[in-house]
Amino acid sequence: MIATLEGLAIGLLGWLPFMVVSGPSLPLRIYLGGSGKYPFLNLSAFNTWGIFVRFGVNLQEVDFPFGLDAGKINIAIILICALITAILIAYIKRTVGCLDVRILTLLVCLFYNTVFIISTQQHERYQIPVIAFLLIAVCVGNKLPDRLYLLAFTALTFLNEVMAYHAGLISEVSQFWFNTLFKTLSFLDVVLSVIFTVYVIKELRASRPSDDDEHGERGECVDKPKSEIQG
């Protein structure tokens, strides 16, 4: 909780000068306004729609039924992902009896990354928090797979930034190789996200105590001795 409050305080201080000018809701408007701010989809993000855009598919030109558009579909996807994440957290609380920090952090990672991968018009701003939460998971759990995922997501997000901010220079060298590289990296990011989803689900299942678990009955949290915790 202290670390979370410190992070919020730092974020607030960073946003504060802009919020004074543009209003206190600016961070929310920025993060949720991607569906209507950009003149083209996802601002060249390494997600599913990034691949489609490179194949010439533009969702802004598609006539959706019931008055829907890419922006409304985007908000719906975010809400669905948030609902599923909340259900999984409640599931952990019911079956395990307490929220393991590492598992909870991985679920938040999965939420942000899923929003980034499958929703329309989202920049890599939604994958950057994945790096932060994975870093927490590494510090808490100290598991090798977490470290590998942290390395992979960091590398792909960095390359995404390079491609987004230097697209003009890269495409001037060769438009063909720029498009090919972008589609390849987007595909790799989607594949990594699928593998990461399976990993989180497996870790979630592994966190469930068995009937003869040393922690007691299912749904009960038993405090460990201080000596064991310190060790």
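**Figure 1. R102 forms a salt bridge with E203, with 2.8 Å between the closest N and O atoms.** A salt bridge is defined here as a side-chain nitrogen of Lys or Arg within 4 Å of a carboxyl oxygen of Asp or Glu. The pair links distant parts of the chain, R102 lying in helix α6 and E203 in helix α10, 101 residues apart. Helices (H or I, at least four residues) and strands (E, at least two) are DSSP runs, numbered from the N terminus. The model is predicted: local features need pLDDT of at least 70 and side-chain atom pairs count only at pLDDT 80 or more, whereas totals for chains, interfaces and linings use all residues. Residues are numbered from 1 along each chain as its sequence is written, and side-chain values use heavy atoms, with hydrogens and water left out.

**Figure 2. Salt bridges that share partners join R102, K143, D146 and E203 into one network.** The side chain of R102 also meets that of D146 in a salt bridge, at 2.7 Å from N to O; R102 is in helix α6 and D146 in helix α8, 44 residues apart. E203 and K143 meet through their side chains at 3.6 Å, N to O. In this pair, E203 belongs to helix α10 and K143 to the loop between α7 and α8, 60 residues apart. R102 is buried because its relative accessible area is 6%, the cut-offs being under 20% for buried, over 50% for exposed and in between for partly exposed (1.4 Å probe, protein chains only). E203 has 16% relative accessibility and therefore also counts as buried, while K143, at 37%, counts as partly exposed.

**Figure 3. The largest nonpolar core has 24 residues.** Such a core is a set of buried Ala, Val, Leu, Ile, Met, Phe, Trp, Tyr and Cys residues joined through side-chain atoms within 4.5 Å. Those that touch the most other members are L106, L134, Y149, F153, F196, Y199 and V200. Helices α6 (101–118), α7 (128–141), α8 (144–165) and α10 (175–206) each supply at least two residues of this core, and the largest share, eight residues, comes from α10. Leaving aside residues up to four places away in sequence, F196 touches L106, C109, L110, L134, Y149 and F153, where contact means heavy atoms within 4.5 Å. A second, separate core of eleven residues includes F111, V115, F116 and V190.

**Figure 4. The side chain of N47 reaches the backbone oxygen of F116 at 2.9 Å.** N47 is found in the loop between α3 (34–37) and α4 (48–54). With a relative accessibility of 0%, N47 counts as buried. F116 is itself a member of the second core.

**Figure 5. L12, L13, L16, V20 and V21 make a nonpolar surface patch of about 530 Å².** Patches are made of residues with over 30% relative accessible area and no salt bridge; like charges are joined within 9 Å, and nonpolar side chains (Val, Leu, Ile, Met, Phe, Trp, Tyr) within 5 Å. Accessible areas come from the Shrake-Rupley method with a 1.4 Å probe, and for residues only the protein chains shown count as cover. V21 is found in helix α1 (residues 2–22) and counts as exposed because its relative accessibility is 71%.

**Figure 6. The protein has eleven helices and zero strands.** Of its 231 residues, 34% are buried. The protein exposes about 14,000 Å², of which carbon and sulfur atoms supply 69%.

Methods:
A polar contact is a pair of N or O atoms within 3.5 Å; within protein, one must be able to donate a hydrogen and the other to accept it, and residues adjacent in sequence count only if both atoms are side-chain atoms.
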